[in-house]
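Subject: Structure handover

Hello,

The structure is below, followed by notes on what was found in it. Please read the notes alongside the coordinates.

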Amino acid sequence: MKVAVILSGCGVFDGAEIHESVLTLLALEQAGCQYQCLAPDRPQAQVINHLTGEAMTESRNVLVEAARIARGQIQSLANARAEDYDAVILPGGFGAAKNLCDFAFKGSDCEVLPEVLDFCQAIAAQAKPLGFICIAPAMIPRIFGPGSRLTIGTDADTAAAIEQMGGQHQSCPVSEFVVDEQHKVVSTPAYMLANSISEAASGINRLVQEVVRLARR
């Protein structure tokens, strides 16, 4: 089984959340799966100094930055084919809401990056499962349409924006996950709620196990 992992840069404030990404890759390997990291080849929406939290004036590329997490073993999302994979997982971090879509800037008026939208919808059209972690589930209503079930944890404002898009938000503790059986979509809060890497791992491990289960069913 081969799983695509879509990264959104490198670093919680402007890219993929590093802990969530690495935990996902580790859980996949421990589940006996191969994985391929993918990322859009485009400029980041922002570059944040992770020491101070302040925006920086420089420009960085999402794919180049994501290659740090993938140890260079990464491909451009534009070249990925849905038929080559059995499932997809999208870790969180602000990059998911800034670089894969613009939810961080536009809330319920957000749009998903076309290549992310096309790839995820192609996976769904082949009845393959997808997993979304942390803030990444905010994209689910735009990908799967009204009525799609998901969780980002318990944040009321984010949940309200998701429901304005037609999503059905379900509150969920950090160690659990929510499954939309109709669309084969799994989501978990991770660092939307987690206070430690161990707490983040509890839900991510279970999400990966459920995605793998759905892919093998």
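Val-88 stands opposite Leu-130 in β5. This is a predicted model, in which local features need pLDDT of at least 70 and side-chain atom pairs count only at pLDDT 80 or more, while totals for chains, interfaces and linings use all residues. Residues are numbered from 1 along each chain as its sequence is written, and side-chain values use heavy atoms, with hydrogens and water left out.

Strand β4 (residues 87–90) runs parallel to β5, joined by three bridges. Strand β9 (residues 185–188) also pairs with β5 in the parallel sense, over four bridges; there Ile-133 has Thr-188 as its bridge partner. Strands are DSSP runs of E, at least two residues, and helices are runs of H or I, at least four, numbered from the N terminus. Two strands pair if DSSP finds at least two bridges between them.

β5 itself spans residues 130–133 and is covered on both faces. Leu-130 and Phe-132 are buried on one side, Gly-131 and Ile-133 on the other (buried: under 20% relative accessible area, 1.4 Å probe, protein chains only).

Not counting residues up to four places away in sequence, the contacts of Phe-132 include Leu-90, Ile-140, Val-186 and Leu-207 (contact: heavy atoms within 4.5 Å). Phe-132 is also among the residues that touch the most other members of the largest nonpolar core, which has 71 residues. Such a core is a set of buried Ala, Val, Leu, Ile, Met, Phe, Trp, Tyr and Cys residues joined through side-chain atoms within 4.5 Å. Helix α8 (residues 197–216) gives the most to this core, eight residues.

Regards

Conventions
Buried < 20%, exposed > 50% of the residue type's maximum accessible area, 1.4 Å probe, protein only.
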